[in-house]
Amino acid sequence: MTKTVTNFIALSAALASLSLAVTAQAQMTANFRTYGDRAAPGTMSNLYFTTWPVSAAECAANTLIPVQISMAPPVVVGTNLFFDVWAGGTGATLSVDCKPGTNRRAVGSTAAVCTHVWAGPRQGGVMQLLEIPPQSLFGSDCSMSGDRWFHIMLVGATGDTSADIAAANVVNVRVVFDGTAPSAPTNVSTSAGDTSIEVTWTLASDQYSSARVYVDPTGTCGGGSTTDSGTTVDTGVSTDAGTDVDAGDMDAGDVSDAGDVADAGAPSDAGEGADAGVDVDAGGGSGGGGLVQVAVVEGTSPSSAIINGSTIEGFDTGDSLPVYVVVYDTARNVSTMSEAGCIRRVEVDGFWSTYCEGRYDSLEECRAAYSGCSASPGGRGSAAPLAGLSLLLLGLVARRVKKRNP
Amino acid sequence: MNSSSFVSFAAALAAVLSPVLVSPVSAQVGSEWTSIHEFEPSPERFTAELRIGTYRPNLEPAFTEAFGGDLGPMLSLELDVHLFRIPYVGVLAVGGSFGWIEWTGAATSAAADDDTNVGTTGMSLIPIAVLAVLRVDVLARELDFPLILSGKIGPDVGYFQTGVTGRLDADGWSVGLRWAVQAGLELDFLEQRAANRLDQEWGINHSVVFFELYGSTMGQMGGNMLPLGTDLAWVAGLQVTF
């Protein structure tokens, strides 16, 4: 009896797990009805994002909106399928039932006429990257703001308009138009250091995606910042000779204006990695120099960065350089340049310097004396403990063998 | 003796012996339904220790200058394999210990004394020891006094790294000898039935809280090794035998 009850419980648990898994799968993917060829095109889901921010500049340039579609079996490579995109609506789901490839609503539907705006063939495989021009979805008025939606459907063989596309069988993408650049960071503060110099700043209110930190290798710190402990914001940089850094000189979203400081070669997308050493003002500055990007901070609240002073060319121990920060919002709008802070490179002593002082002439000599050498696993000094360990292991194995074969 | 006398004697003998002869049988029948099975402990093969304590290597005065009074803590694990039991003494075992500790302090500027915010300096140590262990548990086993005394000795190997924020200054190995004495309080006496149940269900024979004093000569036995050993350190933790 007890065994029967146990088996029943185990079976119930297994069925419950299976049910949960099926439910979760159903929630993750959108199901599609069969059209034309009557072969189920399978299911598809939108990978990576459901909300896509678009800046005014990207809208004006008609920068493609990438949508990565994943299709689950039984999608067959080469099957004549295509994607239909409907735009409009303010909700997360398409509010009407539409006919594939047409602006007609479904038979019997009382909903408004569908707005079919874009179609593209499926090119085979279970992964499909759709790159959709925003102006084809929402027109060329890039001054709009707020949310817009579009809806993607996977449709079967051509010529079949008998079936309708239900609102439930779509992948929905929310587009957020943001034409406002974030405010420039304020209160740029720094610490002195060598391989780790911290820069912190204050953010205004926005939906941030990243921040970038630049130094001016030919600039000098103004005011009294160089004599402070690296924590004073240098507000006198705009008067520095040889630098062309003006707060507000960096156009929001403008990456091709050669007259600006942080333009040519400046990062144009938030996903770009740090490229220390890149001259972001190729000859544009009046002093012949340019800003060097030294750090990229990703995140929704990018308010500090660590700079490795040894990676900045010409930034020697004892030097000071002005540092600037720009921030990007999620629509990749870029702020104006912050006011300057001042980083200072100093020689930093730690435990090792303290320990070696007086024992050796240099840190290198001290390091060479203690690193590895006779105590390393391959060295002579390790022979005794390794031999002991080997004997113990041998003893254990011998005892084990003896127990198995008495 | 006539026949009537014999019958009377036999009846009297039967009457006297009947409780003796019958009652064991009835008691035996009753025990099938009411007796409690005697607890049989599972075999003891291993002892594991979860340890936390402090450690300061023999690197003075530079160590205190850089890290102040930082004591760690040292986190470590130890697993002993029982080799054999010495009657009326305890268990002889061999074990391995693996730990980790890190000390941090404020770095300083070499050029200007007024730079107080130039990052941190740190040092980490991973000590690994192979130990012969004698765990004397005769008091607990034979006298029901829950005290376990242990002694340990074996080679001690440590790997260290030190540097400042963003820069590794040095790393290397040191070798030495570790010793330890340990006193443990066996927790079985608090609730023996719970301890037995733990053994039956999980195979854990005994649970012990312990305090251990130990020392190490890492890096102090010749060769160019950083003296990472310590004269005396302590560690406490939980020990289970299974």
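**Exercise 1: the nonpolar patch**

The largest share of the nonpolar patch, three residues, comes from S7(B). This is a predicted model, in which local features need pLDDT of at least 70 and side-chain atom pairs count only at pLDDT 80 or more, while totals for chains, interfaces and linings use all residues. Residues are numbered from 1 along each chain as its sequence is written, chains are lettered from A and ligands numbered from 1 in the order in which they are written, and side-chain values use heavy atoms, with hydrogens and water left out.

Task: which residues make the nonpolar surface patch, and how exposed is B:Leu177?

Step 1. The patch of about 840 Å² is made by B:Ile153, B:Leu177, B:Trp179, B:Val181, B:Phe211, B:Leu213, B:Met221, B:Leu232 and B:Trp234. (Nonpolar patches join side chains of Val, Leu, Ile, Met, Phe, Trp and Tyr within 5 Å, from residues with over 30% relative accessible area and no salt bridge; a salt bridge is a side-chain nitrogen of Lys or Arg within 4 Å of a carboxyl oxygen of Asp or Glu.)

Step 2. Strands S7 (167-186), S8 (206-216) and S9 (230-241) of chain B each give two or more residues to this patch. (Strands are DSSP runs of E, at least two residues, and helices are runs of H or I, at least four.)

Step 3. B:Leu177 sits in strand S7 of chain B. Its relative accessible area is 37%, so B:Leu177 is partly exposed (buried is under 20%, exposed over 50%, partly exposed in between, with a 1.4 Å probe and protein chains only).

**Exercise 2: cis peptide bonds**

Task: which residues does the cis peptide bond with omega of about 5° join, and what is omega for the bond from B:Gly72 to B:Pro73?

Step 1. Most peptide bonds are trans. The bond that joins B:Glu60 and B:Pro61 is cis, with omega about 5°, and B:Pro61 lies in the loop between strand S1 (46-53) and helix H2 (62-67) of chain B.

Step 2. From B:Gly72 to B:Pro73 the bond is cis too, with omega near 10°. B:Pro73 is in the loop between H2 and strand S2 (74-86) of chain B.

Terms used
Patch = residues over 30% accessible without salt bridge, like charges linked within 9 Å, V, L, I, M, F, W, Y side chains within 5 Å. Areas by Shrake-Rupley, 256 points an atom, 1.4 Å probe, with all protein chains shown as cover.
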